[in-house]
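This briefing goes through one protein chain, from overall figures to single residues. The sequence and the structure come first.

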Amino acid sequence: MRSKASWLAICFATLMLMLKVHAQPYGLTERPAVGPFLNNVMPEQAPAISGDWSAVPAYPYVVFTNTVGVLPVPGTDRLVVWEREGRIWSFVDNSNTTEKRLVLDIHNQCQGWDDSGLLGLAFHPGFATNHFMFIYYTWVAPGTVKGDVHTRPPMTIIGAYHDRLERWTLDANNVAIPGSETIIVDQVGDSVWHNGGGMFFHPVTGFLYWTDGDDANGTNTQNVTHNLFSGVFRVDVDKRGGNISHPPPRQPDKGHTANYYIPNDNPFVGQTNAMEEYFCLGLRNPHRMTIDPETGRIYIGDVGEQTREELDVIEPGESALNFQWNVIEGNQGDLTPPYVGINRRPIMDYTHSDGAAIIGGYVYRGKEFANDLGGRYIFGDNVSRVIWMLDESKSPAGKIPLCILPRGTGPNAGSDYLGLSSFGLNHDNELLMCQMSSIGGRLYKLARSGAPVASRPLPKKLSETGAFADLATMKPAAGLVPYTVNSPLWSDGAVKQRWIALATNATIGFAANGEWNFPSGTVFVKNFDLPVDDTDPGKLRRLETRVLVCDTNGAVYGASYRWRLDNSDADIVMNMTNENIAITTATGTRMQTWSYPGRQDCLRCHSPASGGVLGVKTRQLNGDYTYPNGVTDNQIRAWNHIGMFSKPVDEASISGLAKLVKVTDTNAPLEFRVRSYLDANCAQCHRPGGAPALLDARIDTPLSRQQLINGFVGNTLNIPGARSVVPGDTNKSVLLARMATTSDTMKMPPLARNTIDSNAVAAVAAWINSLQATPVTNGLPSPWRHMDIGKVGLAGDASFADDQFNIVASGDDIWNQADQLHFVYQTVTGDADIRARVVSVYNSGGWAKAGVMFRESLTDKSKHVYMSVSAGNGTAFVQRLATGDDSHFKAGTNTMAPYWVRLVRQGDIFNAYTSPDGTNWLNTITVTNAMNQQVYAGLAVTGHNNQVLNSSVVDHVQVQSPLTAEVTMPGASGP
């Protein structure tokens with residue numbers, strides 16, 4: 001027992017601590033008065049982009065499945081719409097139309113999905129008399145179409161996917177005449193990716209132009225001597241001969257062409273072994289190509305790979321242009337001789353901060369918006385769904401955002417198959433936009449009104465925001481509270497100042513861990529100054545001030561204001577722009593690029609997954625700040641004192657709250673410095689629901705579950721044995737490689753970082769070298785093993801730690817003929833029971849899934865039963881009754897992970913169950929499936945996307961075989 005003196009000493013010490021806490025002066029003594037939205041200057045919601053433009057349904061009473069294009073039928077009042085899966089419809093060009101007529105149905109031989117399907121359509125210039133309609137699509141042998149509108153086919157089947165150009169004849173009702181097809185081009189290909197699809201007849205020459213991509217094969221680029229891939233092609237389908245055209249001198253290496261001539265002035269005519277159809281080359285996936293009849297200018301939207309999307313232009317009279325793929329992506333340099341044709345950079349490109357798949361459009365020649373858009377090229381992006389206007393007033397050209405196309409309805413069956421797929425025209429040359437949807441997409445048009453606009457416009461100048469009382473001295477307005485963070489985001493060496501404007505009587509939802517909750521109307525202001533003299537770090541140049549607003553919809557929007565050179569004011573930045581800034585050095589000067597983010601760029605990091613507001617949380621603000629009154633105080637204590645939190649924080653507890661440190665703080669443990677840095681610089685994206693990657697960079701996620709040490713990576717950067725961090729091996733650690741480069745294809749973070757944080761790189765390298773080198777092994781407890789099954793696009797893997805399996809897998813699916821997965825398994829004999837809780841499934845596709853499986857063999861398409869939880873479509877049961885047959889599907893409960901799944905075998909009878917808690921089981925189905933006595937029982941994960949890894953976590957795994965003797969995984973607690 002403690003003595004009386006001991007108790008008195010403890011009480012006295014506690015009293016002294018309390019007196020010390022309360023005796024310390026506060027950095028903030030009273031709550032500043034300020035109205036919401038910076039005294040109601042900033043809009044309550046993000047303003048409609050570039051004014052009042054919006055996208056509204058043009059024909060609200062007709063819907064289509066995965067629309068890929070729309071055009072007017074010449075000489076009629078009808079429009080024709082073509083769908084990716086092989087159907088063409090027509091309808092009267094009237095906003096009240098309710099009827100659509102089937103023109104052509106080739107779905108039985110048209111392989112849809114990804115960059116394949118019915119991609120292009122054009123009417124012959126003489127349609128009024130010949131009724132010729134030309135289509136370009138991915139042909140497969142009739143009856144061999146793989147998948148459906150919800151199910152991805154195999155990415156690659158050698159020789160199965162043909163890029164086919166055909167001519168059809170329409171009857172008097174403009175319906176295709178059965179059997180009237182004439183094959184023009186049958187180019188044998190291997191992939192459903194990168195198949196082009198742009199097509200038109202030249203309004204002057206009458207020649208047919210079309211585009212094809214590289215068939216996802218780099219060997220098909222930068223040559224004109226083998227096949228019709230990776231280029232723009234031009235032929236004379238009227239075979240006029242003479243001084244106009246001539247028969248093609250050769251056939252492609254793989255495929256067949258007929259029923260056209262080669263224009264005599266095609267650029268590669270007469271060259272040895274040339275495929276003379278080539279007009280231009282060096283394109284990756286030129287999904288859309290159009291011509292402006294008034295100028296003869298040709299525009300090509302070429303979908304990029306990892307970093308950039310590009311818009312290419314062929315001026316009248318030009319040909320043989322080499323648009324550089326697969327040597328250069330985007331506007332990043334010039335080809336080095338020797339090369340084929342004429343080197344040509346894109347007229348405009350953009351990074352994946354603005355979107356991920358450019359959709360080429362048209363030059364606007366309609367009447368409704370002629371004053372605003374006349375003669376301007378309109379285009380967009382499939383993923384971001386932003387509609388832009390090309391801005392050629394500067395060099396290189398830029399883009400001005402107009403509006404965002406609404407997202408399609410239904411499940412997102414693919415990479416992004418609810419977005420913008422194409423543009424088209426109606427009979428008045430008004431622009432139409434095609435919305436994808438597997439259950440019914442619509443055609444949209446531009447409107448000057450539609451979606452409500454903000455009640456106030458976004459200030460065009462920083463002075464108009466009211467954030468500063470004096471711009472010259474950067475004196476903040478009275479309502480702004482300054483703050484700092486413990487571990488700052490690396491911003492290319494910039495010096496930053498931060499403020500918050502919390503409306504009077506509004507409060508913040510405090511949380512000891514995770515994100516704080518901010519009320520609408522809260523505004524954050526951050527200023528960036530750049531040191532411009534290496535010999536005098538105090539010499540700064542004012543660059544930009546960013547404003548982030550919590551809107552009335554529970555989201556955020558941002559704006560950046562770029563300072564004028566005389567610092568008189570700062571102007572809003574609409575699109576990301578770069579500036580090269582001269583920095584004085586001890587020996588001369590060096591140039592440093594600074595990136596000013598546009599409004600869309602703000603949301604790349606300030607995403608819903610991150611909570612929108614970055615940095616303002618307990619572990620970042622739990623530190624001292626010297627306030628304008630000269631008092632140094634803990635920021636949480638100061639904010640708490642003036643009532644900024646919805647519930648008071650116990651001051652005595654503040655010292656025990658989480659606190660990050662700077663990566664340069666050598667007084668802190670090295671590992672904690674590194675994890676603090678990753679939390680501040682990476683966790684806004686690298687967290688559940690964020691970036692399509694496996695790393696969880698949040699420091700409050702246990703290190704063993706962060707996928708950091710020996711963690712799987714979606715892109716190995718071609719490094720053998722790569723992991724996120726490989727203990728003792730900096731050369732195999734992808735995290736370090738991405739931090740130590742400024743390459744657009746590798747760097748992290750990918751946005752607005754143009755220099756390397758050498759202090760952070762050194763700290764991370766030192767930490768990696770301090771870790772005990774341990775070989776990456778199977779890593780699973782006996783008797784578990786794991787392997788990929790089927791032709792997966794990316795290799796899967798599995799690990800076991802803290803009583804959890806972490807399994808990563810690509811694969812098209814486990815359904816129908818698809819059987820592509822990563823399998824963690826053991827053998828069982830006779831009756832058996834396997835159950836597990838699926839903790840999480842990464843949404844690499846709506847039908848990405850994880851669950852429990854019995855299968856007869858470890859080869860694909862074997863007999864199996866499978867009970868799973870999907871990323872977006874609930875639970876499901878799948879079984880294959882005979883090797884090689886199609887599998888059979890039954891939907892289960894409409895729920896998401898975490899959820900329990902279970903399979904029980906008794907003889908040839910299998911019961912499938914699901915449960916919310918592992919105790920109360922609901923039978924999904926009972927089936928008979930005659931399997932061998934010895935089978936494989938385990939955990940099966942598939943990505944429903946052969947190019948993206950699904951990372952799934954499964955725990956509480958139990959296998960019982962025979963049913964009278966239960967085998968439990970280490971650490972699992974059974975129901």
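Which residues does D812 touch, not counting residues up to four places away in sequence? The contacts of D812 are R152, P153, P154, M155, A818, Q820, T942, H944, N945 and N946. The model is predicted.

**Overall form**

- The chain holds 58 strands and 11 helices.
- Along the principal axes, the box filled by the C-alpha atoms is roughly 110 × 80 × 60 Å.
- Of the 975 residues in the chain, 57% are buried.
- Counting contacts between residues at least 6 apart in sequence, 61% join residues at least 24 apart.

**Surface and charge**

- The chain has an accessible surface of about 37900 Å².
- Carbon and sulfur atoms account for 52% of that surface.
- The chain carries 78 positive and 92 negative charges.
- The mean position of the positive charges and that of the negative charges lie 5 Å apart.

**Cysteines**

- The search for disulfides, run over the whole structure, finds 0.
- For C110, the closest cysteine sulfur is that of C434; the two sulfurs are 16 Å apart, which is too far for a bond.
- C110 counts as buried because its relative accessibility is 1%, under the 20% cut-off.
- C403 is likewise in no disulfide, and its nearest cysteine sulfur, in C434, is 14 Å away.
- C403 has a relative accessible area of 3% and is therefore buried.

**D812**

- Where does D812 lie? D812 is in the loop between β44 (804-809) and β45 (814-815).
- With 1% relative accessibility, D812 counts as buried.
- The contacts of D812 include R152, P153, P154 and M155, and also T942, H944, N945 and N946.

**V549**

- V549 is part of strand β35, which covers residues 540-550.
- The relative accessibility of V549 is 0%, so this residue counts as buried.
- Leaving out residues up to four places away in sequence, V549 touches F37, M42, P43, T522, V523, A555, V556 and Y557.
- A501 is 48 residues from V549 along the chain, and the C-alpha atoms of the two are 9.7 Å apart.

**L458**

- L458 sits in the loop between β29 (443-447) and β30 (468-470).
- Is L458 buried or exposed? L458 has a relative accessible area of 8% and is buried.
- L458 and P36 are 422 residues apart along the chain, while their C-alpha atoms are separated by 15 Å.

**Cis peptide bonds**

- Most peptide bonds are trans, and most residues other than glycine have a negative phi. The residues below and in the next group depart from one or the other pattern.
- The bond from P337 to P338 is cis, and its omega is near 0°.
- P338 belongs to the loop between β20 (321-322) and β21 (342-343).
- The bond from A897 to P898 is also cis, with omega near 5°.
- P898 is in the loop between β52 (888-891) and β53 (899-906).

- N174 is not a glycine, yet its phi is positive, at about 60°.
- The loop that holds N174 runs between β8 (156-169) and β9 (182-191).
- N174 has a relative accessible area of 11%, so it is buried.
- D492, another residue other than glycine, has a positive phi near 55°.
- D492 is placed in the loop between β32 (481-483) and β33 (495-501).
- D492 counts as buried because its relative accessibility is 3%.

How values were computed
Residues numbered from 1 in each chain as written. Predicted model: local features only at pLDDT ≥ 70, side-chain atom pairs only at ≥ 80, totals over all residues. Heavy atoms only, no water. Helix = DSSP H or I, 4+ residues; strand = E, 2+ residues; numbered from the N terminus. Buried < 20%, exposed > 50% of the residue type's maximum accessible area, 1.4 Å probe, protein only. Contact = heavy atoms within 4.5 Å. Areas by Shrake-Rupley, 256 points an atom, 1.4 Å probe, with all protein chains shown as cover. Lys, Arg positive; Asp, Glu negative; His and termini not counted. Charge placed at Lys NZ, Arg CZ, Asp CG, Glu CD. Disulfide = S-S within 2.5 Å.
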